[in-house]
Amino acid sequence: MEYTQAGLRETEYEEIRRVLGREPNECELRIMGVMWSEHCSYKSTKNLLKLFPNNGDRVVLGPGENAGIIDLGDGLGAAFKAESHNHPSAVAPYQGAATGVGGIIRDILALGARPVASMDGLFFGEPSSSRTQSLASGIVHGVGGYGNAVGVPTVGGKTAYDPSYNENPLLNAFCIGLIPLDEIVSSRTARPGQAVVLLGSKTGRDGIAGAAFASVELSEDNKASRPSIQIGDPFGEKLLIEACLEMNEKKLIVSMQDMGAAGIISSSSEVAAKSGVGMILHFDKIPLRAENMEPWEIALSESQERMLLIVDRSYLHEVMEVAEKWELDCAEFGETVEGDEYTILFHGERAASLPATLIGDRCPLIPWPSRRPADLEKKWEFDVDDIPLPEDWNETLLSLLADPSLASKKRIYEQYDSMVQLNTVIGPGHPVSMLRIKGRDSLIAMTLDADPWKCSLDPFRGGAETVARTVRDLAVAGARAAGLTDCLNFPSPEVPEQYWVLEECVKGMAEACGAFDCPVVSGNVSLYNESPDGAILPTPVVGTVGIIPSIDAALSAGTWEEGDVLFLVGPCNPSLAGSRYLLSQGKLAGRPLPFYPEAEKDFVERALKTASAKAAHSGRALSGGGLAAALAKESMESGIGASISLSIPTRKDILLFGEGCARALYAVPMSRVPLFKVLWNGYPCIQLGRVGGERLSVEGAFSLTVSELLSKWRNG
Amino acid sequence: MNTAVIVFPGSNCDQDVMHAVAGSLGTKVRAVWHKETTLPEDTDFVILPGGFSFGDYLRCGAMAARSPIMKAVAEHGRRGGLLLGICNGFQILTESRLLPGALLPNRTLNFVCRPCFLRVESVSTPFSSLFSKGQVVQFPIAHGDGLYTLPEEELKALEDRGGVVFRYSDSDGLTGDDANPNGSANNIAGIVNERGNILGLMPHPERASEALTGGEDGRVFWQSILESFTKGGR
């Protein structure tokens, strides 16, 4: 077998030969081909990811583990991570999405944490195309079909549409779990002489080399590669969750690792390398569901609902008992040994023998050339004077609300169980989702967002804006961002301009994370998101988690009350660049606003005080659709109108539809107006009008009843 | 009143129900694994919780209806003991023939999860005695197979004997088609057997048992059961 058939580059092959001091055999070549694929090795992005801050007071576990963990106080931690499952979802939408959800849940479980909530980031092509509709329907059914059955509520997410996702939709799954800090299971704690155990489903030929499939562009050829798609079994996963948690509670396991990409080989070699031990694995002891599987197929199978356990032999019997109770297969198939040697034996013969540290860690990095796109400035050329003011403001607002990316996502999120486990205080359909922690006062707040359009116009600013949006959302809700996870969804890094965009996005995100003191604790990278039709927009997706100290310090959105005074806080000169307003007219142009760290930090502190001082009834940070969309959403969700006059010289369309900057809309009860003004003294803050009546009216612009707004927003 | 919550592989509301009953009533609640063949001796009230027992890979509830514990559960019901099936538990009750009818896929063919209004149709059951007739309560729904159906004559018999306890409605108590989330016959959300001790309910009262998460109408539901039990000593 040629090394190129295994997907290896010449330098990589040479490195393997150098370390081994011999020719790798076929099984070894295939293993290394998958383990050194982009998906598993991060060879194109490892250096970029180093730019992210990942330390902080609250960080218990940072990147490099199954998921990150932040300290919630009093001995409890929140483990969370987001992961992409884009290529599988493009080829087999239901199964691709379902197994994406299943995989991220197991990542959380692998730390010993009980998964308590999920969110999903969905990016689809043109909503009117039948192709999009069938992909979207399959993906949504897959997310629900798996999440609902497994008993983890889907409490929030983001759904957006753009033609660039026509052939390459994105599915990013986020999961968060809770764990007592003294019960965290690590992948670094295996010692020589312990048993290597496989718990869960039998191993089959499904999903073989799926990681390699995820590391090339989608084409007509590989869309036929259905064996690369994994099949999900949420029932099996539910049993696996209960069994693993019971084993952890009884302290029966030394170390645990999810079998995700590259299955057995990836999970076991990772534990070996991180723990500094070797392994001898007997592949003929692994329960199989297909006949005559070759060792390399067993090694690389991505059959779902499997966990690797490292168990002290004295507990092996008890582990088997728990597995039996949950009717799960459980097989000891190897042991940990001194040294670095990772050996696969098959019917007594040595199928592969590699240094454990070589497999996962030592892939040569690729310094892809980076080039600033020549047409960047051209995209920025945008003169607002070329855009006429709306002739019919009512029509303009209604068509904006009907834009699928902005419209209500109720039809999607009602297909997800958002309440199971009884912790959901604020569920989907709100800027921030909130979970209570049983027996405590504090709430966990989380949000997931992306702005691919601004990232494509100015990747640095767009990256920073993406992070900032989530942090602002949390702050307005009363939560200080404690950490975030990200999925970096990008096209091929081999095109210098595309690599530059990736690089700049990461830099922008890192800048914002640093300013907010919000570390990146986990995440993943998905490259090669392109098809013969073209590349996707640069799509970094960010899931940010914060803590609200008590239910009293939480501020909801969409809870206006009659007589409330409306305030806009933040600058009055937002930008139409990359705005939903221009996009809904088919224009992707202009240069998004820069990230102003000082103003952003100032905003966060004031927003947190506003929430904890109960200075408002309702608050919403401005994002897609700007002030107009925020007014409409607040009005629709509250079921009451408002009268607003804007005595500001800014062009009215910019003021109403512009985006960017740290801005928010607050509804303040009359009695709290003085306090509110004190809290925002020194920050731009203008009084807009009063809540009341059946109409949402902005003087000199639109005037519509709440039911007219609702009808468009819900039904398009 | 001692409550036993049966846990099947794939149940996912077992913990929630235990939390809600213990939190609303402060009474003793125990989990019972489906492979047991007897209920704890002092069991007064049995709950079959929601979820996806056996993955719903056969008809929903069909496998669970044949679990070892179900003989004892049926016996408990036959003796007149209080028995409640919520969501997947309702499906298990119909699959066990402890309640009439069947639950089919929602007419939209989509899973649906949202808060839902119900009109209380009968207050002469132990599960609804503290509500008032015609009262509108809010319990969330979360199911893919909630379309309740049974042959026309049986439906009429069920209605005639006052076996419908909860009906999907709007916030004003109107039971039009708009208020029917799944296409159930006559907007039926919950039914009771002739003797009145076995209730099947598609919506989730345990998700409406705390002000912070889903409201408190469910607490009245649990309190009804406790009061009926205390008075009647079933």
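## A sheet in chain A

Strand 7 (residues 195-200) of chain A and strand 11 (residues 330-337) of chain A run antiparallel and are joined by five bridges, strands here being DSSP runs of E of at least two residues, numbered from the N terminus, and helices runs of H or I of at least four. Within this pairing, A:Val196 has A:Gly334 in strand 11 of chain A as its bridge partner.

The model is predicted, so local features need pLDDT of at least 70 and side-chain atom pairs count only at pLDDT 80 or more, whereas totals for chains, interfaces and linings use all residues. Residues are numbered from 1 along each chain as its sequence is written, while chains are lettered from A and ligands numbered from 1 in the order in which they are written.

An open sheet of seven strands in chain A has the order 8-10-7-11-9-12-13, with mixed pairing, where two strands pair if DSSP finds at least two bridges between them. Strand 8 (255-258) and strand 13 (349-355) of chain A are the edge strands, each pairing on one side only.

## Where chain B touches chain A

In all, 22 residues of chain B are in contact with 24 residues of chain A, contact meaning that the C-beta atoms of two residues, placed from the backbone, lie within 7 Å. On the chain B side, helix 1 (14-25), strand 6 (112-120) and strand 7 (136-143) of chain B each supply at least two residues, and strand 6 of chain B gives the largest share, three residues.
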